[in-house]
Amino acid sequence: MRWIEAHEEKAPLVKNVIYAIKTIWGADKWYMLSAIAMMTIDMVFNYFIQNILFLKILLSVIEGERDFKVYVRYLLAFVAVAVVSKALSWYFSYVNDVGAKRFLKSMNRKIFDKAGRLDISCYENPEFYDIYQRAAEVMTRSYYHGFNEGFALIIGNLISFAFVAATVASIDRHYLLFLVPILFVFVIEVFKSRYSYKRDLRMTTNNRVKAYIQRTVFLRDYSKDMRTSNIFLVLMRRFEGAIKANLFILKKYGMGLFLYSLVSSLFSEFIPIIGTYAFAGYQFVNTDKMTVSGFSVVLSSINSVRGAVDDIANSFSRISEMSLYFDNLHKFFDYEPAVTDGKLEAGEFESLEFRNVTFKYPSAKRNALENVSFKINKGESIAVVGVNGAGKTTLVKLLLRFYDPVEGEILYNGVNIKEYNLHSLRSSFGAVFQDYRNFAVSVYENVMCKECDTDEKLFARDALIKSGVWKKIEGMKNGGDTVLTKEFDKEGVGLSGGENQKLSTARLFAGDFDIAVLDEPSSALDPIAEYSMYENLIEATEGKTVIYISHRLASAVLSDRIIVLDSGRVSEEGTHAELMKSGGEYSKMFALQASSYNSGEVSENE
């Protein structure tokens, strides 16, 4: 299986690092400050106080006064410093854990808020989905923590490195020359992190394929099809193909990463250590400048330097790589929806008009709607009918401003809907979609779309009665308080397709709206249940404007006017009687469906 090439850009490292720092600092500054304090205390104690300063003092005591009491006093002082350091480290670790939770809460809220304002088209764009996944990985894979910890480690190690370098320089400043190669390590690690990110970028789509299959295999909605067909084998081949593609990518980049690591080790460890050991040995044997204590301190110092440099190099590589994921987060937050808010508030509904509307989906080759025009007045019930693919659902998407027309305009009370505030406009509509979704919360909460008090539960109950599903709900152990699915509640229940659709339709009965939009609201119902639902809808929407979208014509007979769509164009318009008399496409569709109902050929999920 081939992998899909991800769009590759050279992300500016410094800008990404600065953005990551600003993001973490802006969400919770104590999360970053506590990490820096904790790492600085640990690194200074481990690499300087413990390995060098304390050793230097004790060796000086031994070489000089040889007074055991003085030695014990220094030893006790060291223990006191160690206890204080550890206590402070534990305290800042606690502050850091609390800060991490605050940061995660703040960032998730921002991501959710942004996701809620994305255009619907984003969900149909694989390239944007890849960016979204990599942005989400900042949170889901704790890249934020990796960056924060890595940045704190760099600060802490640089401070300890400065103390160690000053101590070595006090013995002989020539030793500082052996630390110069370490500067090349940072350059190497930048290229290494870019190379590693490029590898991960190529694996993004394959990882999405794997995640999709892993999720799908466990979903109830797909279980029957998987057990009664060969689709499971198809998915497994895709899953294995994604793994093989990733293995190919890992092998392709593996040697390059190995070489980067090898060269980095050469400059960070081999040259500084061998050079320092050789020069210190030469001074100790051939000159009188190097004492035993000085020789020991130099060797201990270079080991501390090596440890600090390794930490800095690894952390530098880590934050460089993590910052590239923050670049995707930056792109995600910078995305501006094409469908934007207007300033007007949508008032009480009077009329709705499509005027020469043409629309084409971004990735489509032909128009989904072509020069569509019609007008709906307050109180009318309109049926928009046509075969699958005629453009019926696209019409609803434009009406609710999930997309904007390519040409033409849609007018609400004579004003272009682009001029209205989105929330205000959409609040005027009560919608039931054909791809309905119910959630793993209580039945009442599914109907009211919020937490319910006693009065709201009674209101939801009335809506469930009207949608025809209350008898089923009433028979459950916890009634309307029953949670749907067992995902979070062992006493939760699952509903059939028809019952789920009735439950989603109950939201319409419970809503406060001017215009009801019913997009295939009965696709999972049998003809009797369908007709009963429409009768209830007519009663519930009396005096309101109703738009029925359907390829089944039971709603059309009960409507004031019918609009027939064919290949994205309005082919016919009129009452049921007028269209039947004209003998056009509508009359043929109606006659065909009527004969199917009479012969019992219409399936429950037509």
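Predicted model: local features only at pLDDT ≥ 70, side-chain atom pairs only at ≥ 80, totals over all residues.
Let me begin with a definition: a residue counts as exposed when its relative accessible area is over 50%, as buried when that area is under 20%, and as partly exposed in between. With a relative accessibility of 57%, Cys449 therefore counts as exposed.

Good morning, colleagues. I shall stay with Cys449 for a moment. Cys449 sits in the loop between α12 and α13, the latter covering residues 454-467. Its backbone deserves a remark: phi is near 60 degrees, a positive value in a residue other than glycine. Ser567 is placed in the loop between β9 (561-566) and β10 (569-574). Its relative accessible area is 48%, so Ser567 is classed as partly exposed.

Helix α12 itself, residues 443-448, contains Asn446. Is Asn446 buried or exposed? At 2% relative accessibility, Asn446 is buried. Setting aside neighbours within four places in sequence, Asn446 is in contact with Asn438, Phe439, Val441, Leu484, Leu503 and Arg507.

The secondary structure amounts to 19 helices and 10 strands. Of the 606 residues, 47% count as buried. Among contacts with a separation of 6 or more, 76% are between residues 24 or more positions apart.

I turn next to the aromatic residues. How many aromatic pairs does a search of the whole structure find? The search finds 18. One of them joins Tyr195 and Tyr253, whose ring centres are 4.9 Å apart and whose planes meet at 55 degrees, so this pair is tilted. Tyr195 belongs to helix α6 (residues 182-216) and Tyr253 to helix α8 (residues 231-286); the pair therefore ties together parts that are 58 residues apart in sequence. The two partners may also be described by their accessibility. Tyr195 has a relative accessible area of 22% and is partly exposed, whereas Tyr253, at 3%, counts as buried.

Another pair is formed by Tyr412 and Tyr420, with 5.4 Å from centre to centre and 80 degrees between the planes. Why is this pair called edge-to-face? The reason is that planes over 60 degrees apart count as edge-to-face. Tyr412 is buried, with a relative accessible area of 0%, and Tyr420 is buried at 4%.

Ring pairs also link Tyr31, Phe103 and Tyr144 into a cluster. A charged side chain meets a ring elsewhere: Lys544 lies over the face of Phe513, at 5.1 Å from the ring centre.

My last topic is the second largest pocket. This pocket holds about 400 Å³ of space. Its lining is made up of 16 residues, and Gly116, Arg117, Leu118, Leu422 and Arg426 lie nearest the centre. Which elements give two or more residues to this lining? They are α3 (68-116) and α11 (422-427). By class, the lining has 8 nonpolar, 2 polar and 6 charged residues.

To close, I return to the residues with which I began. Thank you for your attention.

Note on methods: Residues numbered from 1 in each chain as written. Heavy atoms only, no water. Phe/Tyr/Trp six-rings, centres within 6.5 Å; stacked < 30°, edge-to-face > 60°. Helix = DSSP H or I, 4+ residues; strand = E, 2+ residues; numbered from the N terminus. Buried < 20%, exposed > 50% of the residue type's maximum accessible area, 1.4 Å probe, protein only. Lys NZ or Arg CZ within 6 Å of the ring centre and 35° of its normal. 1 Å grid on protein atoms, 1.4 Å probe; cavity = no way out; pocket = protein on both sides within 12 Å on 5 of 7 lines; lining within 4 Å. Points joined across faces, edges and corners; volume = space filled by probe spheres on them. Nonpolar A, V, L, I, M, F, W, Y, C, P; charged D, E, K, R; others polar. Contact = heavy atoms within 4.5 Å.
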